[in-house]
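Here is a friendly walk through how one model is put together. Have the viewer open and follow along.

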Amino acid sequence: MNINLLKLDFKNIRDFRELTIPLFKEKDVNTPFHISLIQMPNGTGKTTAINLLRSIVCGEILEKEIVLSYQPTRYKCDEGYFGVLLIIDRDLYSLGMHFDYRNGVMKYETSRPKEVGGGKSFSYDLPPYIRNVMTKNFTRLFVFDGEFSENILDNKKTEAETSIKFLYFLDRLELLKIKADTLLENKRKSTKDTKVHTQQGLTKLETEEKKLKQTLVDLNKQLKKFKEESVSTSQEIEDLEKKNDELLSENETIQAEFIEFTTKISSLENDIRNGTNIILNILRTPSQFSLKMNDKLKNLSENMSKLKLPRSVSSEFFKELSDEDECICGRPILNDSIKKKILEKAEQYLAADHITTTNCIKGSIRNMDDYKELSNLRDNLYSYINEKQQLIQAKDLLKLRLDEKDQEKAEKIKQEIIRLSSNLVDLNLYIQSLETKNSAFQEEFSLNEYENINLCQKKLIEKRKRLDEASDTVNFSNGVSLFKKMMDNIISSSIDKIKEDLISKSNTRISQLMGNKDVVLEKIEGCIYVDGKKGVSQGQSLAVAYAFLSTLFEDSPHKVPFIVDSPVGSLDLKVRREVSDLIPKLFAQLIVFIISSERNGFVEGIGKYEDVQFLTIYKDERETGSIAFHTDKKFFMQFHSENEEVQV
Amino acid sequence: MIKLNPRIEEAIRNEISVQKQSEDVFDMLKNLIINIFNNNDDILEIEQLIKSLKLYAT
């Protein structure tokens, strides 16, 4: 990208009622002078021009306070304008800033060449590849004042190093770090339930998960053990009951009754089992056990028949029909309103899958069993149970007819059965507590993940999910830390490598320009350090600073004009000569704002060059806001402002 | 389009080597840096790169 500045336009800016500063040659309007010396007394608007130039090339939106600071104070006006004509890679662009002093706002205007779309747009509208480069910091590198070049040499400042960052866009790598942090923050927000973002937190979560895993293993072991104990206890009870039965069955006096009772009890147990199954089957079909439910379902079926539901025509039929050109009746479907109406009506019909489901419901109701009266079945079941209980008691009473010894045996067996049964109840309760999935039971017994397998499994799944999320976040966080560290190393290593190149190239340039190797750029650490065999004059240091700046741009694909305010400031004559002799050699277009007292020494050096224009701009006190403008070299050299002290 | 300065590429290459990262990570990082130089970076590109970094226990 090659940029040259061809013209500056001011209208109602501070003391400029209207001023145009041409920087191009009369014979070739698209070619700027190599050097434009613009002499303006203090208070005429040099700083204003520099500030506006810095803002306009990067498209900076100015705040109200700054906008109003450009409003002329010596006469009344509500609007102002500052514009530049640029030639960028052979294309002319015009950029303008319109100031609205009534509202304290400003807006941009861009005129672009035909080749890139042409026309005028009311915004800062340079091509993206230029906008991308023209940042505020970048602009500061080529539109600067004497103070900036002095800062490059000031070991309390870091201008030199910062300039490298800006020119090589290394500052944008800092942006990558910020973006990585934003990503991490978003990730943490999305997994906020986990609340674990550190390695320590992750380790704690891992320990908890491990503990739960072990608990689950232990609970399953317990369950297995209790189940085995339950089986063996049941077996023991069964054996004891068998032994009890044997004791009774072997006694001749009660043998017959015992067999009778046992047979009856067995028969009753069959009846109870069958009766229970019948009732359970009925309970699974609501229409059979609830007369109310039965009536309602029948009512639903009748209503569906009355309403002819489901309709045989599905909504899909109408949706397809709306896409046709002709209705099934043969009439054309002419316009969108008819199509829309058909689609609206389609909403009143069920979709094909709904029709299938509705048919299913209708069929099921039609084929449902009639209501059955449960009370008889229930009463029968109760009578079987009661009868069984009575028989068990009667069977138990048979023991009383045994002899004393057998009675004692039977009593011992009974006591053992009671003890084992009690154990069995406890065991079964433990088993139920361990394996139940019934939340009501879990709540009633206040079971937790360390007592119930189902709760433990749920907790483990939840913990694993949190662990996965946390581990993902922590890994990502570690990745972000590494990424940022890498960025820091890359920035610092790049700067070091670029510095080496810059020092070497700047020194080659300095030695070529000065014709000796007496002065060298020694190092860049924040600022630049200049070293000289015979000592270093202030002018030489400043010349090295300019050489450094021009070398910075040498490798850059962007060639820009150098615009400097007071390049020699209060330097002595010798220094001015040194600087003025050197800086024109460094830049393709040099625009220098100076005051008459800086002319001595500096202009003499510049004057040796051919492609120079001498402009003198000052306030014409005869008319408020009027500016006098001269292009004559003789006038330039003789001009002296009464406001300036001669410093040399 | 802003191209990558060879000295910056050298610094990226060196850092990839120091951090024992793969050639793929080098390519991703280089592209990401070129893209941010040209204001053309994508947050997903950064996320992908971070996820691709090999993390060594310290």
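## Helices 20 and 21 of chain A

Which residues in helix 20 of chain A meet which residues in helix 21 of chain A? This is a predicted model, and in it the helix 20 side of chain A supplies L573(A), R576(A), R577(A), S580(A), I583(A) and P584(A). Facing them from helix 21 of chain A are R599(A), N600(A), G601(A), F602(A), E604(A), G605(A) and I606(A). Sorted by class, the residues of this contact between helix 20 of chain A and helix 21 of chain A are five nonpolar, four polar and four charged.

As for geometry, helix 20 of chain A covers residues 573-586 and helix 21 of chain A covers residues 599-606. The two pack at an angle of about 30 degrees, and their axes are 7 Å apart. Because of that angle, helix 20 of chain A counts as roughly parallel to helix 21 of chain A. Helix 20 of chain A passes helix 21 of chain A in a right-handed crossing.

## Helices 19 and 20 of chain A

Now step back along the chain. The axes of helix 19 of chain A and helix 20 of chain A cross at roughly 15 degrees and come within 8 Å, so helix 19 of chain A is roughly parallel to helix 20 of chain A. Their crossing is right-handed.

On the helix 19 side of chain A, the contact is made by Q538(A), G539(A), Q540(A), L542(A), A543(A), Y546(A), A547(A) and S550(A). Helix 20 of chain A brings V575(A), E578(A), V579(A), L582(A), I583(A) and L586(A). By class, the contact of helix 19 of chain A with helix 20 of chain A has nine nonpolar, four polar and one charged residues.

## Helices 18 and 19 of chain A

Helix 18 of chain A (residues 453-514) packs against helix 19 of chain A (residues 538-554) at an angle of about 125 degrees, with the axes 9 Å apart. That angle is why helix 18 of chain A is described as oblique to helix 19 of chain A. The crossing of helix 18 of chain A past helix 19 of chain A is right-handed.

Helix 18 of chain A takes part through L502(A), K505(A), S506(A), R509(A), I510(A) and M514(A). Among the partners on helix 19 of chain A are A543(A), V544(A), A547(A), F548(A) and L552(A). In the contact of helix 18 of chain A with helix 19 of chain A there are eight nonpolar, four polar and three charged residues.

## Domains of chain A

The domain assignment divides chain A into domain 1 (3-157 + 608-638), domain 2 (203-277 + 385-444) and domain 3 (286-366). Taken over C-alpha atoms, the centres of domain 2 of chain A and domain 3 of chain A are separated by 58 Å.

## Chain B and its interface with chain A

Chain B has three helices and zero strands, and along the sequence it reads α-α-α. The C-alpha trace of chain B spans about 40 × 25 × 15 Å along its principal axes.

How many residues of chain A are in contact with chain B? There are 31, and they touch 28 residues of chain B. Between them, chain A and chain B bury about 2,700 Å², with 73% of it on carbon and sulfur atoms. L183(A), M486(A) and K497(A) supply 20% of the area that chain A buries against chain B, more than any other three residues.

Definitions and conventions: Residues are numbered from 1 along each chain as its sequence is written. Chains are lettered from A and ligands numbered from 1 in the order in which they are written. This is a predicted model: local features need pLDDT of at least 70, side-chain atom pairs count only at pLDDT 80 or more; totals for chains, interfaces and linings use all residues. Side-chain values use heavy atoms; hydrogens and water are left out. Axes are lines fitted to C-alpha atoms, for helices over the stretch in contact, and angles run from 0 to 180 degrees between N-to-C directions. Helices (H or I, at least four residues) and strands (E, at least two) are DSSP runs, numbered from the N terminus. Angles under 35 degrees count as roughly parallel, over 145 as roughly antiparallel, 65 to 115 as roughly perpendicular and the rest as oblique. A crossing is left-handed if the near helix is turned anticlockwise from the far one by less than a right angle, and right-handed if clockwise. Contact means heavy atoms within 4.5 Å. Ala, Val, Leu, Ile, Met, Phe, Trp, Tyr, Cys and Pro count as nonpolar, Asp, Glu, Lys and Arg as charged, and the others, Gly among them, as polar. Domain bounds come from an automatic or database domain assignment. Buried area is the accessible area (1.4 Å probe) that two parts lose on being put together, summed over both.
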